[in-house]
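Subject: Structure handover and findings

Dear colleague,

Please find below the structure that I am passing on to you. My findings are set out after it.

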Amino acid sequence: MDSDGNDGGAGPKPWEGVWRFTAPAVDVSVPQARHAVRDLLRRQGVPLAPDLAQGLLLIVSELVTNAVRHAAVVSPELAVEVAAGADWVRVAVEDGHPYRPTALEADAGQTGGRGLLLVREIVREESGACDVEHTAGGGKVCWAALPLSPRA
């Protein structure tokens, strides 16, 4: 301990925190959410390597797109949360629809349906984690967390 009684630890990093915003569940919210998250991460100084930042922003786009396409009929608003810790960053999208999406194998002839597969692949490549959880209000939160340090 130092003379002030502190343990001498580094304490929280300047970029650590949790930020949340809401958006209407409409198509234009997809790029707006991606840009808002990008700007937030830059403003807070979260130390993301360029490829990790691109992967994280792609995850935001896919999760918001899923909420817009599949939950808007029940949930006209969605929430995006960004949380950054000393060693990780997490993005989450919450909506009021109870349906739990699954990453299904997409038909090669389909033009959509690959979003969650893409999210899972990015998370796997970066040694992160992702899941879907139900909320107390009957909706769900789809989230992905990635480590800030380089892949092992």
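Predicted model: local features only at pLDDT ≥ 70, side-chain atom pairs only at ≥ 80, totals over all residues.

Residues are numbered from 1 along each chain as its sequence is written, and side-chain values use heavy atoms, with hydrogens and water left out.

Overall composition

The chain has three helices and five strands; helices (H or I, at least four residues) and strands (E, at least two) are DSSP runs, numbered from the N terminus. Read from the N terminus, the order of elements is β-α-α-β-β-α-β-β. Of the 152 residues, 39% count as buried, where buried means under 20% relative accessible area, exposed over 50% and partly exposed in between, with a 1.4 Å probe and protein chains only. Among contacts (heavy atoms within 4.5 Å) with a separation of 6 or more, 66% come from residues 24 or more positions apart.

The sheet

The five strands form an open sheet in the order β1-β2-β3-β5-β4, with antiparallel pairing. Two strands pair if DSSP finds at least two bridges between them. At the edges are β1 (17–24) and β4 (129–134), each of which pairs on one side only. Neighbouring strands are turned by 15 degrees against each other on average, direction ignored; such angles run from 0 to 180 degrees between N-to-C directions, and axes are lines fitted to C-alpha atoms, for helices over the stretch in contact.

Strand β1 is joined to β2 (residues 77–84) by eight bridges, and Arg 20 stands opposite Glu 81 in β2. Helix α2 (residues 50–71) packs on the sheet, where it touches β2, β3 (88–95) and β5 (140–147), and its direction makes about 10 degrees with that of β3.

Strand β5 has partners on both sides. Eight bridges join it to β3, with Glu 94 opposite Val 141, and six bridges join it to β4, with Asp 131 opposite Trp 143. In the hairpin of β4 and β5, five residues lie between the strands, and Gly 138 takes a positive phi near 95 degrees. Eight of the eight residues of β5 are buried, so this strand is largely enclosed by the rest of the structure. In a regular strand the side chains alternate between the two faces of the sheet. Lys 140, Cys 142, Ala 144 and Leu 146 are buried on one side of β5, and Val 141, Trp 143, Ala 145 and Pro 147 on the other.

The helix pair

Helices α2 and α3 (residues 115–125) pack at an angle of about 150 degrees, with their axes 9 Å apart. That angle makes α2 roughly antiparallel to α3 (under 35 degrees counts as roughly parallel, over 145 as roughly antiparallel, 65 to 115 as roughly perpendicular and the rest as oblique). The contact is made by Gly 55, Leu 58, Ile 59, Glu 62, Leu 63 and Asn 66 of α2 and by Gly 115, Leu 116, Leu 118, Val 119, Ile 122 and Val 123 of α3.

Leu 117 lies in helix α3 and, at 26% relative accessibility, counts as partly exposed. The C-alpha atoms of Leu 117 and Glu 62 are separated by 9.8 Å, the two residues being 55 apart along the chain.

Yours sincerely
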